[in-house]
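Work through the following exercises with the sequence and the model in view. Each task is followed by a solution in steps.

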Amino acid sequence: MDRKARAQELRDIQERHYNCCQAVLIPFAEELGMDHETAYRLAAHFGGGMRRQATCGAVTGALMALGLLGRGEEPIAVDFQERFRREAGSLDCGDLVQAALDRGEEKKPSCDRLIALAVDMVEDFAREA
């Protein structure tokens, strides 16, 4: 299963909630040998913009994944965030959710779209290495 499909599979699980950060991080973490539960717990407080509608969980999960992939240099993080902001319109969960609502889009589909964007971008950065 590809990483984007795995992320969506996690988001679709009804018995256990996977926030945006967990959904982005876990597909990469599992491939790199981190067990599922450890990745789940590591990313627990980064959903919902660190539970404060601050930095989007898809962004924080992507930055964690980039670090696991050996792309932990500051210029990589800055470039990732600039590209994400250009594509999504913001880095902040609150702004992203509000923009989706203003467009008439529900929160979960909007978040799922941002998770897919983040996974694609991490894969792009990994290929650029």
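**Exercise 1. Surface and charge**

Find the accessible surface of the protein chain and the share of it that belongs to carbon and sulfur atoms.

Solution. The accessible surface of this predicted model comes to about 6800 Å². Carbon and sulfur atoms hold 50% of that surface. As a next step, take the charged side chains: 17 are positive and 23 are negative. The centres of these two sets lie 2 Å apart.

**Exercise 2. Overall fold**

State which secondary structure elements the protein chain contains, and judge its radius of gyration against that of a compact globule.

Solution. Start with the elements: the protein chain has 8 helices and 0 strands. Read from the N terminus, the order is therefore α-α-α-α-α-α-α-α. Next, take the extent: the C-alpha trace spans about 40 × 35 × 25 Å along its principal axes. For 129 residues, a compact globule would have a radius of gyration near 14 Å. The protein chain has 13 Å, so the value agrees with a compact globule.

Two further values describe the packing. Of the 129 residues, 43% count as buried. Among contacts with a separation of 6 or more, 60% are between residues 24 or more positions apart.

**Exercise 3. The buried face of α7**

List the buried residues of helix α7, then decide how they are arranged around its axis.

Solution. Helix α7 covers residues 93-102. Its buried residues are Cys93, Gly94, Leu96, Val97 and Ala100. Seen down the axis of α7, these buried residues fall within an arc of 165 degrees, so they line one face of the helix. To find the partners of the buried residues, look at α4 (47-53), α6 (74-88) and α8 (107-128), against which they pack.

**Exercise 4. Arg71**

Is Arg71 buried or exposed? Locate Arg71 and name the residues that it touches.

Solution. Arg71 lies in the loop between α5 (57-68) and α6. Its relative accessibility is 15%. The cut-off for buried is under 20%, so Arg71 counts as buried.

For the contacts, leave out residues up to four places away in sequence. Arg71 then touches Leu66, Ile76, Phe125, Glu128 and Ala129. Take one of these partners, Glu128: Arg71 and Glu128 are 57 residues apart in sequence. In space, the C-alpha atoms of Arg71 and Glu128 are 10.0 Å apart.

Key
Residues are numbered from 1 along each chain as its sequence is written. This is a predicted model: local features need pLDDT of at least 70, side-chain atom pairs count only at pLDDT 80 or more; totals for chains, interfaces and linings use all residues. Side-chain values use heavy atoms; hydrogens and water are left out. Helices (H or I, at least four residues) and strands (E, at least two) are DSSP runs, numbered from the N terminus. The radius of gyration is taken over C-alpha atoms; the globule rule is 2.2 Å times the number of residues to the power 0.38. Buried means under 20% relative accessible area, exposed over 50%, partly exposed in between (1.4 Å probe, protein chains only). Contact means heavy atoms within 4.5 Å. Accessible areas come from the Shrake-Rupley method with a 1.4 Å probe; for residues, only the protein chains shown count as cover. Lys and Arg count as positive and Asp and Glu as negative; His and the chain ends are not counted. The place of a charge is taken as NZ of Lys, CZ of Arg, CG of Asp or CD of Glu. The arc is that of the directions from the helix axis to the C-beta atoms.
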